[in-house]
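Student: Could you walk me through how to read some features of a structure?

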Amino acid sequence: GFQYLDLTERGFWRSWWAVVFCLPPTLLSWASFRLYFLTQAPQGTPTGPLFFLKLAIVEAANWLVPLLTILVLGRIAGFSRAALPLIVAFNWLSVPLQWAYVPVSLLQIWAPAESSAALLYLLTLGTYVFISYRISVAVLRGQKFPAFVLVMVMFSLPLMVQSQLMTALGLVDL
């Protein structure tokens, strides 16, 4: 499927349009998080433009940290030639996967107490990890262990960064 991707420098820059295509489901997830936040925060806690700016900062970090991880690991592990195809592929992969989270966000809005949203979230996340691994193996020409390490770091590091950012920005209390 890589023949459909523009793996040139121009294609790299064009792949950032994926951010725009991900905006509707991202905004929906922010709306569902806002409802969750309001149930946990003291009454009268503001959730205006500053609240959404904080969410945008966390979202930007969630997008950039994995891609920077690819660049750093590529340099360290010697697969820097694969960084551009990986970044292009993961940018475009984020579009259908972000849209796949729409049912999770809708469940969180319509039935916040249901555990089905958490189960659906885990299934979608598992699918995302599996597809990311398969793409990494393909780009790294069958090297399974480096692909595994790359994917594990790509998913664990952003979770740690997200947790720290959300705590620092006052979006969660840990």
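Predicted model: local features only at pLDDT ≥ 70, side-chain atom pairs only at ≥ 80, totals over all residues.

Student: Let's take the aromatic rings. How many aromatic pairs are there?
Tutor: Rings of Phe, Tyr and Trp (its six-membered ring) pair if their centres lie within 6.5 Å; planes under 30 degrees apart count as stacked, over 60 as edge-to-face and the rest as tilted. By this rule there are eleven aromatic pairs. In one of them, the ring centres of tryptophan 30 and phenylalanine 52 are 6.4 Å apart and the planes stand at 35 degrees, so the pair is tilted.

Student: Which helices hold tryptophan 30 and phenylalanine 52?
Tutor: Helices and strands are DSSP runs numbered from the N terminus (H or I, at least four residues, for helices; E, at least two, for strands). Tryptophan 30 lies in helix α3 and phenylalanine 52 in helix α4 (residues 49-77), so the pair ties together parts that are 22 residues apart in sequence.

Student: Are those two residues buried, exposed or partly exposed?
Tutor: Buried means under 20% relative accessible area, exposed over 50%, and partly exposed in between (1.4 Å probe, protein chains only). Tryptophan 30 counts as buried because its relative accessibility is 13%, while phenylalanine 52, at 28%, counts as partly exposed.

Student: And what about phenylalanine 33 and phenylalanine 51?
Tutor: They form a stacked aromatic pair, with 6.2 Å from centre to centre and 10 degrees between the planes. This pair links distant parts of the chain, since phenylalanine 33 is in helix α3 and phenylalanine 51 in helix α4, 18 residues apart. Phenylalanine 33 is buried at 17% relative accessibility, and phenylalanine 51 is buried at 5%. Ring pairs link Trp30, Phe33, Tyr36, Phe37, Phe51 and Phe52 into a cluster.

Student: Now a polar residue. With which side chain does asparagine 91 make a polar contact?
Tutor: A polar contact is a pair of N or O atoms within 3.5 Å; within protein, one must be able to donate a hydrogen and the other to accept it, and residues adjacent in sequence count only if both atoms are side-chain atoms. Here the side chain of asparagine 91 pairs with that of tryptophan 63 at 2.9 Å. Asparagine 91 sits in helix α5 (residues 83-100) and is buried, at 1% relative accessibility.

Student: What else does asparagine 91 touch?
Tutor: Contact means heavy atoms within 4.5 Å. Leaving aside neighbours within four places in sequence, asparagine 91 is in contact with Ser15, Trp16, Ala18, Trp63 and Leu67.

Student: Where does threonine 124 lie, and what does its side chain reach?
Tutor: Threonine 124 belongs to helix α7 (residues 116-139) and is buried, with a relative accessible area of 9%. Its side chain reaches the backbone oxygen of leucine 120 at 2.8 Å. Not counting residues up to four places away in sequence, threonine 124 touches Leu97, Ala100, Tyr101 and Val104.

Student: Let's move to the surface. Where does tryptophan 17 lie?
Tutor: Tryptophan 17 is in the loop between α1 (9-14) and α2, and counts as exposed at 52% relative accessibility.

Student: What is arginine 141's phi?
Tutor: Most residues other than glycine have a negative phi. Arginine 141 has a phi near 55 degrees, a positive value in a residue other than glycine. Arginine 141 is placed in the loop between α7 and α8 (144-168) and counts as exposed, at 68% relative accessibility.

Methods. Residues numbered from 1 in each chain as written. Heavy atoms only, no water.
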